[in-house]
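Have a look at the structure first, then read on.

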Amino acid sequence: MTTFVVIESITPNQSLVFSAQQGPQGTPGVTGPTGSNGATGATGPTGPTGVTGATGPTGPTGVTGDTGPTGVGATGATGPTGVTGATGPTGVTGPTGVGATGATGPTGVTGATGDTGPTGAASTVPGPTGATGPTGATGPVGATGATGATGATGADGGSANYYDYKADTSAITGDPGNGDLIWNNATQISATQININHINSDGIDVDIFLGLIKTNDVIIVQDANNSANFQKWTVSATPTMQTNYVEIPVTLTTSAGTGTTNFANNHPLIVAIISTGIVGPTGPIGATGPTGATGPVGLTGATGPAGITGATGPTGTDSTVPGPTGATGPAGVTGPTGPTGPTGLTGPTGPTGASATALPDILMLGGM
């Protein structure tokens, strides 16, 4: 079998022929000059390893001859080795010795006892209530304290004098102006303060009378033309005198007609001031009588049954430290070894086989 390989990168193109047959040896040509070293080509793949030839059988070993007497001169040839005797049968194995069983080691330490379980909850059923003891006798009634002194008689209320004014709905704070009064809320019955000028609509200065108004006095603002239209107020705190007018804190008591729905601007009104009398001081409180004796204490109720005892906690785990191992019994007696049989004959060594020769591949270069 012949294989051709064409290498195109060589000019002229070259072919490589691999042959498994060996051609005749040509006459060695004259060695030409060594050319410059070309670039190292890539290493081609390693070819497969040839088959190793079979090893020939070993030839028999010759017999060793007897040793001759030592003569003068050259040493005689070594005689052939004697035949090795056959191997004798293996002796019978002696019985296996049985040692006595070692004593059992002591028991390991017992593990610690587990924690006791929680105590059961107390009984929720209360014991019966003890009978109520008899009521103690009522103590004697204490003497009535002396009646306090009667307070001084209050001053007579002022007369229900009234003053002429006009309603002013154009403002809710400050000086209403001569002859006018104002409310501090556009919804008159929701007002908490009324401001009244010290000059009424008749041109009379009533400042001295306005200065007498005090807490709890009553002020009635009424339609001058119809008494069914009114507002009744209670003075809720001490009035404040300002220059030319007074600011009176008030709380509405009742109202009716246009007094409820708002008096119109510049509508003529009358303002009546009713003063309340001064209340005298309250007399001292009489002494309290002695307290009656306390009755005996009732019997205590029986104690309720004890709660159920809680379950016992789990037992602790056994000790993890094992007890000591018992002593090992004595070894049994070893039986006698059987006699060794004779060694068998050694066969002759065979001749050494020829080594296999791999057929070389021949590389040929030729022009294509």
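1. Let's start with Glu 247, which sits in strand β9 (residues 245-256). Bear in mind that this is a predicted model. Glu 247 is buried but has no salt bridge. The nearest side chain of opposite charge belongs to Lys 214, and that is 19 Å away.

2. So what does Glu 247 touch? Setting aside residues up to four places away in sequence, its contacts are Gln 193, Ile 194, Asn 195, Pro 239, Thr 240 and Gln 242. With Gln 242 there is also a side-chain to side-chain polar contact of 3.4 Å.

3. Strand β5 (residues 193-197) is largely enclosed by the rest of the structure, because four of its five residues are buried.

4. Last, Ser 236, in the loop between β7 (226-235) and β8 (240-242). Buried or exposed, or something in between? At 39% relative accessibility, Ser 236 counts as partly exposed, because buried means under 20% and exposed over 50%.

5. Beyond its neighbours within four places in sequence, Ser 236 contacts Thr 215, Pro 249, Val 250 and Thr 251. A polar atom of the Ser 236 side chain lies 3.5 Å from the backbone nitrogen of Val 250. Ser 236 and Gln 193 are 43 residues apart in sequence, with their C-alpha atoms 9.3 Å apart in space.

Notes
Residues numbered from 1 in each chain as written. Predicted model: local features only at pLDDT ≥ 70, side-chain atom pairs only at ≥ 80, totals over all residues. Heavy atoms only, no water. Helix = DSSP H or I, 4+ residues; strand = E, 2+ residues; numbered from the N terminus. Buried < 20%, exposed > 50% of the residue type's maximum accessible area, 1.4 Å probe, protein only. Contact = heavy atoms within 4.5 Å. Polar contact = N/O pair within 3.5 Å; in protein donor to acceptor, adjacent residues only side chain to side chain. Lys, Arg positive; Asp, Glu negative; His and termini not counted. Salt bridge = Lys/Arg side-chain N within 4 Å of Asp/Glu carboxyl O.
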